[in-house]
Amino acid sequence: MSSSSSAAAGGACSGEPSSTSRPGKEREDGGDGGGRKEGEGDTDFNMAGAAAGWVEARTSCPHLPAMPAAGADELARVPPPDSPCSRCHHPAENWLCLICKDVLCSRFINKHMLYHYQDTGHCLALSFSDLSVWCFACDSYLDVQSILELRPVYEVAHLMKFGQRPPFRSLDVLDLSSGQNGGSPSQS
């Protein structure tokens with residue numbers, strides 16, 4: 001996952017606590033300040049990262065066919081990352097609908113992207129804050145490193161936001177069938 005999408009997966013830019021905060025501390029401690037009994041809470045301990053806002057992005061999504069093909073005309077429709085919400089004109093925390101290219105604010109502002117999904121069924125969106133991709137239907141972030149269909153629009157948004165191409169992992173080190181980094185180490 002790129003550094004921008006790993007930040008997104010952590011929720012740091014989406015209004016959720018960062019992984020350095022300790023909202024899961026009560027769960028880890030058993031909630032009463034006392035320790036766990038031996039053998040208890042193993043599942044809770046493994047969930048501490050999720051409680052702290054860390055999530056793992058999906059490496060596939062059944063809703064990708066809803067996106068238009070990433071031809072030159074379609075990619076030219078991607079608005080600049082500083083575009084305001086098309087409904088309330090809020091300047092920050094905006095998302096790009098990957099289906100119709102409308103720009104709408106996040107659930108932490110006026111929820112216009114969420115309402116757009118509920119009204120239209122357009123479930124795929126790219127955050128202009130951190131360039132993460134979210135599927136409302138899957139209720140999950142999507143990994144742009146693993147999902148080739150997302151790379152063209154992500155690349156256009158990255159170019160507009162940062163003035164350079166994003167650092168993609170090479171396909172020879174991605175095991176696309178399992179979604180894990182893999183393959184053999186490169187030999188010199």
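The largest nonpolar core of this predicted model has 37 residues, of which L64, L96, L98, L124, L126, L142 and L150 touch the most other members. Such a core is a set of buried Ala, Val, Leu, Ile, Met, Phe, Trp, Tyr and Cys residues joined through side-chain atoms within 4.5 Å; buried means under 20% relative accessible area with a 1.4 Å probe, protein chains only. Two or more residues come from each of β1, β2, α5, β3, β4, β5 and α6, and α6 gives the most, with four residues. Helices (H or I, at least four residues) and strands (E, at least two) are DSSP runs, numbered from the N terminus.

| Element | Residues |
|---|---|
| β4 | 133–135 |
| β5 | 140–142 |
| α6 | 151–162 |

The strands form an open, antiparallel sheet of five in the order β2-β1-β3-β4-β5, pairing being assigned where DSSP finds at least two bridges between two strands. β2 (103–105) and β5 are the edge strands, each pairing on one side only. Direction ignored, neighbouring strands are turned by 35 degrees against each other on average.

β1 (residues 94–97) is joined to antiparallel β2 by three bridges, and L96 has V103 as its bridge partner in β2. Leaving aside residues up to four places away in sequence, L96 touches residues including V78, V103, M113, L124, L126, F128 and V153, contact meaning heavy atoms within 4.5 Å.

Helix α5 (residues 112–120) lies across β1, β2 and β3 (124–127), running at about 120 degrees to β2. Axes are lines fitted to C-alpha atoms, for helices over the stretch in contact, and angles run from 0 to 180 degrees between N-to-C directions.

Local features need pLDDT of at least 70 and side-chain atom pairs count only at pLDDT 80 or more, whereas totals for chains, interfaces and linings use all residues. Residues are numbered from 1 along each chain as its sequence is written, and side-chain values use heavy atoms, with hydrogens and water left out.

Terms used:
Buried means under 20% relative accessible area, exposed over 50%, partly exposed in between (1.4 Å probe, protein chains only).
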